[in-house]
Amino acid sequence: MSIIDVRNASKSFKGQTVLADVSLTIERGRSYGLCGPNGSGKSVLLQMLCGLIAPDTGSVSIDSSLLSADRTFPDRFGISINGPAYLAGLSAIDNLLDLAAIRKRDTRADCEAVLDDVGLDPRSRQRVRTFSLGMKQKLALAQAFIESPEVLLLDEPFNALDEESVQNITTLLRAKSESGTTIVMTSHHRSEIDAICDSIITINGGKIRADTVA
């Protein structure tokens, strides 16, 4: 059963076509890797899947309901796109608690568990402004993971992570996929996608060039 449907979607910026007549179906409970070189349209497509960017033509539907400019952000989506958004003067746990307070679904214990999962110390009072790039990336992933979303949209989730952290996040994403979470992620590295994803979607020049089963 599909959860996201993209139909004949195109997008241009300043007269340059970034996506051209793209159609794609994301099935519930499967994991997808978007592959392609820089500028291929991967990140724009990922943002389109949750309504952060609207197509110029064509449509995006979630559970058969069209995404539109006046629709609220899709419920039960967790995203890490365009780098982490955080309050630099707060600790990691306080950032998560502020985010969790919006929907009031996760407790402090839930937030602490997510930080521990991604490799951050939930007891630390270190302010995010002093974090390394790798620590900020882990916080971005933790923000996506809270509230156990049904769908994860992750843009280059392994950026700035060391090898041990890559292995940890890979194991974590595999477990989420096996438990039924729908995952769509981008990567420049095919090996990262092969380790997690059921399907591989190759994008180049704003078009889907191949859609294969891993």
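This is a predicted model: local features need pLDDT of at least 70, side-chain atom pairs count only at pLDDT 80 or more; totals for chains, interfaces and linings use all residues.
Which side chains meet in a salt bridge at 3.9 Å, N to O? They are those of Glu 147 and Arg 105.

Glu 147 has a relative accessibility of 11% and counts as buried. Arg 105, at 32%, counts as partly exposed. Glu 147 also has a backbone feature to report: just after H4, this residue takes a positive phi of about 70 degrees.

That brings me to helix H4 itself. Helix H4 has 13 residues, and the distance from its first C-alpha to its last is 19 Å, close to the 18 Å expected at 1.5 Å a residue. Is H4 mostly covered or mostly exposed? The helix is mostly covered, with eleven of its 13 residues buried. Among them are Lys 136, Gln 137, Lys 138 and Gln 143, together with Leu 139, Leu 141 and Phe 145. The elements that cover the buried residues of H4 include strand S6 (77-80), helix H2 (92-103), H3, S7 and H5.

Lys 176 lies over the face of the Phe 145 ring, 4.7 Å from the ring centre. As for pairs between aromatic rings, the count comes to zero.

I turn now to helix H5, residues 163-178. At 1.5 Å a residue, its 16 residues should span 22 Å, and the end C-alpha atoms are 23 Å apart, which agrees. Which residues of H5 are buried? They are Ser 165, Val 166, Ile 169, Thr 170, Leu 172, Leu 173 and Ser 177. These residues cover an arc of only 165 degrees around the axis, which puts them on the same side of H5. The buried residues of H5 pack against strand S3 (31-35), helix H3 (108-118), helix H4 (133-145), strand S7 (151-155) and strand S8 (182-187). Just after H5, Gly 180 takes a positive phi of about 110 degrees.

Let me return to the charged pairs. How many salt bridges does a search of the whole structure find? The search finds nine. One of them joins Glu 150 and Arg 28, at 3.5 Å from N to O. Glu 150 lies in the loop between H4 and S7, and Arg 28 in the loop between strand S2 (16-27) and S3, so this pair ties together parts that are 122 residues apart in sequence. Glu 150 is partly exposed at 38% relative accessibility, and Arg 28 is partly exposed at 33%.

Asp 56 is in the loop between helix H1 (42-49) and strand S4 (57-62), and Lys 11 is in strand S1 (residues 2-13), so the pair ties together parts that are 45 residues apart in sequence. Asp 56 is partly exposed, with a relative accessible area of 46%, whereas Lys 11 is buried, at 13%.

Definitions and conventions:
Residues are numbered from 1 along each chain as its sequence is written. Side-chain values use heavy atoms; hydrogens and water are left out. Rings of Phe, Tyr and Trp (its six-membered ring) pair if their centres lie within 6.5 Å; planes under 30 degrees apart count as stacked, over 60 as edge-to-face and the rest as tilted. A charge sits over a ring if NZ of Lys or CZ of Arg is within 6 Å of the ring centre and within 35 degrees of the ring normal. Helices (H or I, at least four residues) and strands (E, at least two) are DSSP runs, numbered from the N terminus. The expected span of a helix is 1.5 Å times one less than its number of residues. Buried means under 20% relative accessible area, exposed over 50%, partly exposed in between (1.4 Å probe, protein chains only). The arc is that of the directions from the helix axis to the C-beta atoms. Contact means heavy atoms within 4.5 Å. A salt bridge is a side-chain nitrogen of Lys or Arg within 4 Å of a carboxyl oxygen of Asp or Glu.
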